[in-house]
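Have a look at the structure first.

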Amino acid sequence: MTDSWNPLPWQDDLWRQMITRSQRDTLAHAYLMRGMPGVGKFQFARALAAYLLCKSPTPFQHCGHCKECELLKAGTHPDITIVEPDEPGRPIRIDKIRRLNEFAHKTAQQGGRRVIIMNPAEAMNINAANALLKCLEEPGENTLFLLVSARAGDMLPTIRSRCQQLMFPCPDRVSALNWLAQYLDESISSGTLLDLVGGAPLEARRFAEQGVLDKRQDLIKGVKGLLKGEHSPVELAKEWQGDDLVLTLSWLGSWLDDAVKVSLAGSDASGLRNQDLLKMLGYIAGKSPSRQILEARDWLIKQRQSLLEGGNLNAQMLMEGVFCRYLDLVV
């Protein structure tokens, strides 16, 4: 089976804990897997599912060649279901949870466990979350829920309370760089990528493979031009309304977050995610008090959250509002 069904190198301790629980038959019926995007929570969930469904596992790994493993590899195993939004950034709706509930109460076709992976779990709208809660309270026999979340605080407290918590921190920098070296061209700075994504290796790899760094540079250029008066918020919004708004707002929010830190700490650049933007961040920090920057950042975060929850925002007007707030910070 491919690497996507195996745990990542920095997850070894947690992996051994979970396998030991499985071997002792002490697994809980539901786990909430918490951690920032890109640290490997979803891959860990897939790896655990592969181990639990395998008919001939080694002490700490699925075999990769039994019937169960072949079905997993082909994406046709009947006793695992992965619940995700129809599109990235959209909500998980109640119809998916209703089908999941039916799955959870059926008898496993292969005679073992049934595994349900939800990614990301916080994407459920309120109706879907309430429907899942009923299933968590009365799970089917031999059913395991693995809820993957980067923002567990956005979930219903009643769902969180019915799951055991598994924390997924970022790996140490050496481990992350060694892993990235297997996938990235030598011309790409793995260290810079890690800084931009807060130390999350899978997110860094995604940035490199999808050319996200180039898009970020285009946005930097556009915002610098905006602050210099070279173009208006309306003009810049037209360029960015068709892009991944959630990612774009993430970048713009992190820049304001760093600008607040610069405003409070002065020349101390330690702890900044966007080390390559010190001049621009310093310019913003020098023009506005930290409270005003925080207000702009908080507003931007609310707009991003609305998108994640399925809000039907007008993209052009949203981006005009974002860039107007950036401009207000320096005029």
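The protein averages a pLDDT (the predictor's confidence in each residue, from 0 to 100) of 91, and 97% of the residues score at least 70. Keep in mind that this is a predicted model, where local features need pLDDT of at least 70 and side-chain atom pairs count only at pLDDT 80 or more, while totals for chains, interfaces and linings use all residues. Residues are numbered from 1 along each chain as its sequence is written, and side-chain values use heavy atoms, with hydrogens and water left out.

**Confidence**
- Confidence is lowest in helix 8 (residues 190-196), with a mean of 84, and highest in strand 1 (residues 30-34), at 97.
- Helices (H or I, at least four residues) and strands (E, at least two) are DSSP runs, numbered from the N terminus.

**Helix packing**
- Helix 10 (residues 212-227) and helix 15 (residues 315-328) have axes that come within 9 Å and cross at roughly 55 degrees.
- That makes helix 10 oblique to helix 15 (under 35 degrees is roughly parallel, over 145 roughly antiparallel, 65 to 115 roughly perpendicular, and the rest oblique).
- Leu-219, Val-223, Leu-226 and Leu-227 of helix 10 make the contact (heavy atoms within 4.5 Å) with Phe-323, Tyr-326 and Leu-327 of helix 15.

**Aromatic pairs**
- The whole structure holds 6 aromatic pairs (ring centres of Phe, Tyr and Trp, the latter by its six-membered ring, within 6.5 Å; planes under 30 degrees apart are stacked, over 60 edge-to-face, the rest tilted).
- Trp-10 and Trp-179 have ring centres 5.6 Å apart and planes at 85 degrees, so the pair is edge-to-face.
- This pair links distant parts of the chain, 169 residues apart: Trp-10 sits in the segment before helix 1 (12-23), and Trp-179 in helix 7 (residues 173-180).

Methods
Axes fitted to C-alpha atoms, helices over the stretch in contact; angles between N-to-C directions.
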